[in-house]
Amino acid sequence: MSKDPEVNMNFNAPVYGAAGKVEGDQIVNVPHENLDKALMEIIQILKTLQQNHPTATEEEAEDIIEAEFQEIKINQPNKWQNFQRQLLNPERWLKGGKAALSETAKHYLEDSVFAKASLAFLDEFSAE
């Protein structure tokens, strides 16, 4: 009779050097619906702050926003962690910046074969 394997891994991305006892699934890519939900929550927070402080200057608004997010960080740590995971993810910002740079370069250099080749090279070179 065969024994079930002790380690069963399901990954949605390349994984290198996985070792040890692993239980459960590892989610590498968080679905966009979680990002959309986090964005909608932040938009709602900002709308509420704007309604509550309609005459605030830009400097006052920055202080109010900072205070609101400090309150969330302290009193709602799960929500704060979700915001960090969804919106402050450095990898997501890097990918977004790379995409923005690529599209801008395509717009200004669309007639240059070398520019197109450079973009393709950099895209592949920076791929995970």
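**Entry 1: Lys79 and its partner**

I looked up Lys79 and found it partly exposed, with a relative accessible area of 28%. I note here that the model is a predicted one. Next I asked which side chain Lys79 meets in a salt bridge. The partner is Glu41, and the N to O distance is 3.6 Å. Lys79 belongs to helix H3, which covers residues 77-87, while Glu41 belongs to helix H1, which covers residues 32-52. The two are 38 residues apart, and I wrote down that the pair links distant parts of the chain.

As a reminder to myself, side chains of opposite charge can pair when their charged atoms come close. How many salt bridges are there by the rule used? The count comes to one.

**Entry 2: the chain as a whole**

I stepped back to the whole chain. I listed five helices and zero strands. Read from the N terminus on, the elements run α-α-α-α-α. The chain has 128 residues, and 12% of them are buried. Its accessible surface comes to about 11,000 Å², and carbon and sulfur atoms account for 56% of that.

I also looked up the contacts between residues at least 6 apart in sequence. Of these, 43% join residues at least 24 apart.

Is Asn82 buried or exposed? Asn82 counts as buried because its relative accessibility is 18%, and the cut-off for buried is under 20%. Leaving out residues up to four places away in sequence, Asn82 touches Ala38 and Glu41. Glu41 is also the salt-bridge partner of Lys79.

Phe83 is in helix H3 too. Phe83 has 3% relative accessibility and therefore counts as buried. I asked which residues Phe83 is in contact with, leaving aside neighbours within four places in sequence. I wrote down Ala38, Glu41, Ile42, Ile45, Phe69, Ile72 and Leu88. I also looked up one distance for Phe83: its C-alpha atom is separated by 9.7 Å from that of Lys73, 10 residues apart along the chain.

At 37% relative accessibility, Gln84 counts as partly exposed. From Gln84 to Ala38 I noted 9.5 Å in space, C-alpha to C-alpha, for residues 46 apart in sequence. Ala38 had already come up as a contact of Asn82 and of Phe83.

**Entry 3: two surface patches**

Which residues make the nonpolar surface patch of about 270 Å²? They are Leu39, Met40 and Ile43. From these I looked up Met40, which has its place in helix H1. Met40 is exposed because its relative accessible area is 53%, and exposed means over 50%.

Another patch is negative. I listed Glu58, Glu59, Glu60, Glu62, Asp63 and Glu66 as the residues that form it. I checked Glu58 as one of them, and found it in helix H2, residues 58-75. Glu58 has 63% relative accessibility, so Glu58 counts as exposed.

Key: Residues are numbered from 1 along each chain as its sequence is written. This is a predicted model: local features need pLDDT of at least 70, side-chain atom pairs count only at pLDDT 80 or more; totals for chains, interfaces and linings use all residues. Side-chain values use heavy atoms; hydrogens and water are left out. Patches are made of residues with over 30% relative accessible area and no salt bridge: like charges are joined within 9 Å, nonpolar side chains (Val, Leu, Ile, Met, Phe, Trp, Tyr) within 5 Å. Accessible areas come from the Shrake-Rupley method with a 1.4 Å probe; for residues, only the protein chains shown count as cover. A salt bridge is a side-chain nitrogen of Lys or Arg within 4 Å of a carboxyl oxygen of Asp or Glu. Lys and Arg count as positive and Asp and Glu as negative; His and the chain ends are not counted. The place of a charge is taken as NZ of Lys, CZ of Arg, CG of Asp or CD of Glu. Helices (H or I, at least four residues) and strands (E, at least two) are DSSP runs, numbered from the N terminus. Buried means under 20% relative accessible area, exposed over 50%, partly exposed in between (1.4 Å probe, protein chains only). Contact means heavy atoms within 4.5 Å.
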